[in-house]
Amino acid sequence: MLQAIGLTSAPRRGLPPAVDDLTFEARPGKVTALLGDAGAGKTTALRLMLELEPGRGVTYFRGRPLHRVPHPGREVGVLLGDVPGNPSRTVRNQLRMLCAAAGVPASRADAVLEVVGIAGLRDQRLGSLSLGMDRRLGLAAALLADPCTLLLDEPAAGLSPRERNWVYALLRGHADLGGAVLFTTDDAKEAARSADQVVTIAGGRLVADQDAAEFSRTRLRPRVVVRTPYAARLADVLGREARDRQRTVEIVEDSGTRLSVYGSSCAEVGEVAYRHGVLVHQLADETGDTGVPAPPRQATDAGSGSGNGSEGASAGGVEAEGRDWGAVVPPPSGVRRLGGPLRPLRYELRRMFGTAAPVLTAAAVLVVSVLVALVLARTGRTPQNRLLAAWPELLPLPPAALGAGLLGALAFGEEYRYPALAADRGTVPRRLGLLTAKLGVCGGLALVLGALAVGADAAALWLVFDRVPLPSGGEWIAPAVSWAGLVVGCAWAGVLASGVFRSALAGLGAVLAVPVLVVPLVRRALAGPSAYPTSGLAARLRGLPWAQWPPEADRVVHGAIRVMVQPVGAALALSLMVLLCAYGFTGLRSRVRW
């Protein structure tokens, strides 16, 4: 059961709200159509139900508002506009990624592909799908967690008649299993034919709430459709006889061979055509559209365009019966970031490796790193640590750190560009589990990428120059820790910055800003002698009751301290703290009520 009570969107400057005090319900086991012309407020109403728009009112899904449903994806299946997804991702990978987000087994992806009839396209890229196949994929995503309610915005828009019939047959099947279905449309005939209940809105307000039979009887105009190669002649004859009989008949020429006759019947039109010798190829009763009719080709002098009481039927209709909703005062609906992966680590792994971006990035990084290392070794003026990292003085960051930052920036940048976690474009849930998963996966990838880059550089130097400048003894510990901290820090900076600024490009820009802008500021702050030296810090730490380690480990502690007091390390740590605070602030701000 879906109950929408008093839905009212936020007021617009100089304009009335797009949705104004809209109240209706969609019952289980029934298909409900939300009917209205373009701009009537249908999509805004759905967004208000999903708490994606600021406004007032409340929508109950089986007695609970959406923000109080533990797993919204299992309660409501949503299709709003195009299906969001990276065009290079396959159909199967997209659904398996969403399975992790919904907390259902990955085998469910293959099951829904069979249901919607595109199992043979599971390895196709999303960018290569036609409109009909894309719509089927959207329905598969909506059905993935077997929700009780389906909310669909124009699910059959742009499809062929055969595909439209298939879509509405699928919705009917879901309703027959006890689910509630609500879809929007601007086609009155489609609503009457496909729905059990038709809710009509205009200007954001409720016009009528009727069952399909009553809607067809009171709001659709009957007409006679005639196909003849002599359409103009038949129209003249029908209009002339209607004037002679003092009857109101409206005749609309739909095409060169097709007429729509309002205010008459098949028998009358057929008799007129027979008497005047007009050849007729088709003669059938149909149900016309609601609203103001098209300008007629010819009408009687009794009136033009209002035949058979059509004006009253199009503007009137049965108003929705008043419901006793008790003393419920519609509260303001909060704009929240709902949803999020129930299995965030599995979701992030499938999102990351569902495309070729990590492999291509790693390959590009290794090639550039090897070339730079060979050039630096040829000059012979680069320290061994920078030589193995392929980090010349002219570059703000080595290739491996830039690659790690790019992978981190894509972690949230792809979410905002192709948002698959939420019903609305541009919204991604802010949850600690999702952030932790992204930091963990990107940090692990950064360590692997950094190790591969150093190994590839060492192998290339040995192969070309027959020498590898490796540190001796325990001197490798501090450089290794410093290198790991650099690549992981760049990856985390990319993750946090792309989450704050909602763009992969902004995330990569924040990574580059650390050495270009923050490091000079930190270096200036650390310049000059220290009034309080830190010598002996490792020994004092070892003396603490909870920090007992052997004296031989002091060298490791000294190495870690040296890394942290370096301008790059300090700048990176400072940037990460600032970005983490900004991410937390934007996440908390998104939960504030309007």
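Reply: What follows takes two helix pairs in turn. Keep in mind that this is a predicted model.

Me: Start with α3 and α4. At what angle do they pack, and how far apart are their axes?

Reply: Read the angle and the axis distance together. Helix α3 spans residues 91-102 and helix α4 spans residues 107-116. Their angle is about 125°, and the axes lie 8 Å apart.

Me: Which residues meet between α3 and α4?

Reply: From α3, take Val91, Arg92, Leu95, Arg96 and Cys99. They meet Arg108, Ala109, Asp110, Val112 and Leu113 of α4. By class, this contact has 6 nonpolar residues, 4 charged and no polar.

Me: Now α13 and α15. What are the angle and the axis distance there?

Reply: Helix α13 covers residues 357-379, and helix α15 covers residues 399-417. They pack at about 165°, with axes 9 Å apart. The cut-off for roughly antiparallel is over 145 degrees. So α13 and α15 are roughly antiparallel to each other.

Me: Is the crossing of α13 past α15 left-handed or right-handed?

Reply: Right-handed.

Me: And which residues of α13 and α15 are in the contact?

Reply: α13 brings Ala357, Pro358, Thr361, Val365, Val368 and Ser369. α15 brings Pro399, Ala400, Gly403, Leu406, Leu407 and Leu410. The contact of α13 with α15 divides into 9 nonpolar, 3 polar and no charged residues.

Methods:
Residues are numbered from 1 along each chain as its sequence is written. This is a predicted model: local features need pLDDT of at least 70, side-chain atom pairs count only at pLDDT 80 or more; totals for chains, interfaces and linings use all residues. Side-chain values use heavy atoms; hydrogens and water are left out. Axes are lines fitted to C-alpha atoms, for helices over the stretch in contact, and angles run from 0 to 180 degrees between N-to-C directions. Helices (H or I, at least four residues) and strands (E, at least two) are DSSP runs, numbered from the N terminus. Contact means heavy atoms within 4.5 Å. Ala, Val, Leu, Ile, Met, Phe, Trp, Tyr, Cys and Pro count as nonpolar, Asp, Glu, Lys and Arg as charged, and the others, Gly among them, as polar. Angles under 35 degrees count as roughly parallel, over 145 as roughly antiparallel, 65 to 115 as roughly perpendicular and the rest as oblique. A crossing is left-handed if the near helix is turned anticlockwise from the far one by less than a right angle, and right-handed if clockwise.
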